[in-house]
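Open the model in your viewer and have the selection tool ready.

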Amino acid sequence: MSNPSQVAFVTGAGSGIGQATARAFLSRGYSVALVDRDVELGQKTQAELGELGDCTFIACDVSDESSVEHAVEAAVARYGRIDAAFNAAGINGDPGPVAEASSDNWDRVMNVNLKGLMFCMKHQIRQMLGQGGGAIVNCASSAGLVGVAGLSTYAASKHGVVGLTRSAALEYVRSNIRINAVCPGMIDTPMWRRSISPELTEQLLASDPSGRLGQPSEIAEAVLWLCSSAASFVAGHALSVDGGMTVD
Ligand code: NAP
């Protein structure tokens, strides 16, 4: 899958799944725009991953359309094109039942996970239309395929990501832009460790088919495949990478 001339644009690249995917793109010879709102993490990631290849940190809050537009322009100014985009920036918001839901939490989660991802696709697609094609992978979740008690707002945002992905895929597949989603299960990232205690993790894994957390690199491999020519006839698919967690 090595292709030295290709360029990837990764949001949420400063941490977890986004960072692991940026690493995988670099190790396959892509140049990578590392996009994140966390400047410290983004710069640290650039310094670490810079040993693997050409990468540039671009500060961006995906929930702000002008920030996204600027990030796409900056990536194209630096590298000339965007062949592959992975939209991983996301937050899980506050847990709790629907009867306790807050408008503030709803807005924060939707603004990043759904509206932000839509802005990212919009500007990536505009660039890809101009250059003749590309591949986009959106980071949904197993919570985009099944319900999760206590995380209804997050689950609604990720179901939205799957719907957005499927619809956009239909709009652009004839323009040589393939759009797919990846649906990670329980993955060992800073987000996971911040929000789920070791005790709760143990409880969740006791009834999980695989009995373990996934690694960010295991999501990265799926994203790399979806962006590669090996997946040339795959469009509008939501690929579970969850150790069997959502198997019926
Ligand atoms: P993570 O370690 O927290 O990494 C997410 C990165 O995205 C962070 O650097 C975060 O910065 C950044 N980000 C958040 N909001 C942003 C915004 N508005 N603009 C730009 N960057 C922003 O989380 P992760 O576990 O790798 O999650 C990555 C994606 O996978 C998310 O979409 C998440 O929903 C999805 N996912 C994760 C799991 C899991 O088990 N870990 C499972 C299913 C799906 P801040 O630190 O400033 O927020």
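**Starting strand**

Select strand S4, residues 84-87: Ala 84 and Phe 86 point one way, Ala 85 and Asn 87 point the other way, and all are buried. Buried means under 20% relative accessible area with a 1.4 Å probe, counting protein chains only. Strands are DSSP runs of E with at least two residues, helices are runs of H or I with at least four, and both are numbered from the N terminus. In a regular strand, side chains alternate between the two faces of the sheet.

This is a predicted model: local features need pLDDT of at least 70, side-chain atom pairs count only at pLDDT 80 or more, and totals for chains, interfaces and linings use all residues. Residues are numbered from 1 along each chain as its sequence is written, and side-chain values use heavy atoms, without hydrogens and water.

**Neighbours of S4**

Thr 11 has Asn 87 of S4 as its bridge partner.

Next select strand S5, residues 134-139, which runs parallel to S4 and is joined to S4 by four bridges. Here Ala 135 of S5 stands opposite Ala 84.

**Ligand**

Which polar side-chain atom lies 2.6 Å from an oxygen atom of the ligand? It belongs to Ser 15. Select Val 62 next: a backbone N or O atom of this residue lies 3.0 Å from a ligand nitrogen atom. At Ile 187, a polar backbone atom is 2.9 Å from an oxygen atom of the ligand.

Technical notes. Buried < 20%, exposed > 50% of the residue type's maximum accessible area, 1.4 Å probe, protein only. Pairing = 2+ DSSP bridges. Polar contact = N/O pair within 3.5 Å; in protein donor to acceptor, adjacent residues only side chain to side chain.
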